[in-house]
Amino acid sequence: MTDVLDGVRDHYRATGLVERLKVALAGFGPEDRPLAPQQLAPLDQFHTRGLAATADLARLAGVEADMEVLDVGSGVGGPARFLAGNYGCHVTGVDLSEPFVEAARYLTERTGQTGQVSFKTANALDLPFEDGRFDAVFLQHVAMNIADRARLYREIRRVLKSGGRFATFDVVLGGGDPHYPVPWARTPDTSFLMTAAATREAIELAGFHTLSWLDDTEAAKTWFAQMRASGPPPSPNLSVLMGADFPQLTGNLARNLIEGRLGILSAVFEAPPINP
Ligand SMILES: C[S@@+](CC[C@H](N)C(=O)[O-])C[C@H]1O[C@@H](n2cnc3c(N)ncnc32)[C@H](O)[C@@H]1O
């Protein structure tokens, strides 16, 4: 278990990330000039279809201003800042990667959202919050790194209020072995993919009731094709976090989608009362 966690941490290690972000963002102006959250989207939305996917999932989940939202596996915080900036809600992000959490705090200072968005280093399987704390939990492109899905979904349900929403956007197994490396794992040792059907079963077994269930694979394939056709990616982008070979990792994800080896799932669930 610890070996796997260390392997996942290594994948997202990102040495000296805050210093590298300072250099990468220099073109946006001096440190004390506030950045708009969407300026950071090419480097802080670490999932397929970028900012558009977060916006779609937020709509599907029915996020509102008075909500307390938890983003599990919050990366460098792009989704959390988007939710707070667009809906006015409070967002807490947790992530296993300490460098990512430090980077998330730095970027949140740069967008002037520190009062509304905060981050903690924590394991999704052991969330540092009391029962029933949140109105909504987001989980975007994180479950692929987690083997113990039963515990993951139980933990998410535990921290949700009765009637709270769980919104997930995930890569799922299709037919055949995926090509590696992919954006979340350089080898199969830290990749724990499940089919869409098995994912739904695991979430419902944790006590959730399905509100919406969408296959996002075609939209993802179209997005990758558009990215390819539009030439070099905007700068700075996710290579600042993940290294110069990041295009190879996303290229493999696109290839896996085209070949039907992987798919993308977008879904929202409701937490029923814990003791009805
Ligand atoms: C592909 S990134 C997605 C980041 C973010 N959700 C986004 O969409 O921008 C996956 C993230 O999940 C985090 N992660 C993986 N396993 C985790 C765990 N057991 N607990 C908390 N975070 C985890 C990683 O550190 C990484 O930041």
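Guide: A polar contact is a pair of N or O atoms within 3.5 Å; within protein, one must be able to donate a hydrogen and the other to accept it, and residues adjacent in sequence count only if both atoms are side-chain atoms. The model is predicted: local features need pLDDT of at least 70, side-chain atom pairs count only at pLDDT 80 or more, and totals for chains, interfaces and linings use all residues. Residues are numbered from 1 along each chain as its sequence is written, and side-chain values use heavy atoms, with hydrogens and water left out.

Start with the backbone. A backbone N or O atom of Gln140 lies 2.9 Å from a nitrogen atom of the ligand. For Ala124, a backbone N or O atom is 2.8 Å from a ligand nitrogen. Phe46 places a backbone N or O atom 2.8 Å from an oxygen atom of the ligand. Taken alone, the ligand exposes 600 Å² (Shrake-Rupley method, 1.4 Å probe). The protein buries 99% of that.

Now the whole shell. There are 22 residues around the ligand (a heavy atom within 4 Å of it). Phe46, His47, Gly73, Asp95 and Ala124 come nearest. By class, the shell has 10 nonpolar, 10 polar and 2 charged residues. Here Ala, Val, Leu, Ile, Met, Phe, Trp, Tyr, Cys and Pro count as nonpolar, Asp, Glu, Lys and Arg as charged, and the others, Gly among them, as polar.
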